[in-house]
Amino acid sequence: MNYSELKYNVDLEGFLIDHGYTIKKEKSSRRSRVYTNGSEHIIVTQKNRIKLYFCAENSVDRGSI
């Protein structure tokens, strides 16, 4: 599997849940979901079948996988 295939196949939201994050339904929308582990908030959106994330507390921490 190459990097391009990996971006399409990784379950980013499943990864977050497996690592203790929970979805904040009241902050999420149809287009983006907000996950938190208590101290950190990660927003996940989708663009052209690729899930993208960014960390609300750190504007540098963002991207695909």
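This briefing covers the sheet, the nonpolar core and a surface patch of the structure above. The model is predicted. Five strands make an open antiparallel sheet in the order 1-2-3-4-5. Strand 2 (residues 32-36) is largely enclosed by the rest of the structure, because four of its five residues are buried. The largest nonpolar core has seven residues.

**Sheet layout**

- The strand order is 1-2-3-4-5, the sheet is open and the pairing is antiparallel.
- Strands of a sheet pair through backbone hydrogen bonds, in either a parallel or an antiparallel sense.

**Strand 2 and its partners**

- Strand 1 (residues 22-23) runs antiparallel to strand 2 and is joined to strand 2 by two bridges.
- Threonine 22 has threonine 36 of strand 2 as its bridge partner.
- On pairing with strand 3 (residues 41-47), strand 2 again takes the antiparallel sense, over five bridges.
- Valine 34 has isoleucine 43 of strand 3 as its bridge partner.
- Tyrosine 35 stands opposite isoleucine 42 in strand 3.
- Strands 2 and 3 form a hairpin, with four residues between them.
- Glycine 38 lies in the turn of this hairpin and has a positive phi of about 105 degrees.

**Serine 32**

- Serine 32 belongs to strand 2.
- Threonine 45 is 13 residues away from serine 32 in sequence, yet their C-alpha atoms are 4.5 Å apart.
- Beyond its neighbours within four places in sequence, serine 32 contacts Ile43, Val44 and Thr45.

**Nonpolar core**

- The members of the largest nonpolar core are Leu12, Leu16, Tyr21, Tyr35, Ile42, Val44 and Tyr53.
- Helix 2 (12-18) and strand 3 are the elements that give two or more residues to this core.
- Leucine 16 is in contact with Tyr21, Tyr35, Ile42 and Val44, leaving aside its neighbours within four places in sequence.

**Surface patch**

- Met1, Tyr3, Leu6 and Val10 form a nonpolar patch on the surface.
- Together these four residues have about 410 Å² of accessible area.
- Tyrosine 3, one of the patch residues, is found in helix 1 (residues 3-9).

Methods:
Residues are numbered from 1 along each chain as its sequence is written. This is a predicted model: local features need pLDDT of at least 70, side-chain atom pairs count only at pLDDT 80 or more; totals for chains, interfaces and linings use all residues. Side-chain values use heavy atoms; hydrogens and water are left out. Buried means under 20% relative accessible area, exposed over 50%, partly exposed in between (1.4 Å probe, protein chains only). Two strands pair if DSSP finds at least two bridges between them. A nonpolar core is a set of buried Ala, Val, Leu, Ile, Met, Phe, Trp, Tyr and Cys residues joined through side-chain atoms within 4.5 Å. Contact means heavy atoms within 4.5 Å. Patches are made of residues with over 30% relative accessible area and no salt bridge: like charges are joined within 9 Å, nonpolar side chains (Val, Leu, Ile, Met, Phe, Trp, Tyr) within 5 Å. Accessible areas come from the Shrake-Rupley method with a 1.4 Å probe; for residues, only the protein chains shown count as cover. A salt bridge is a side-chain nitrogen of Lys or Arg within 4 Å of a carboxyl oxygen of Asp or Glu.
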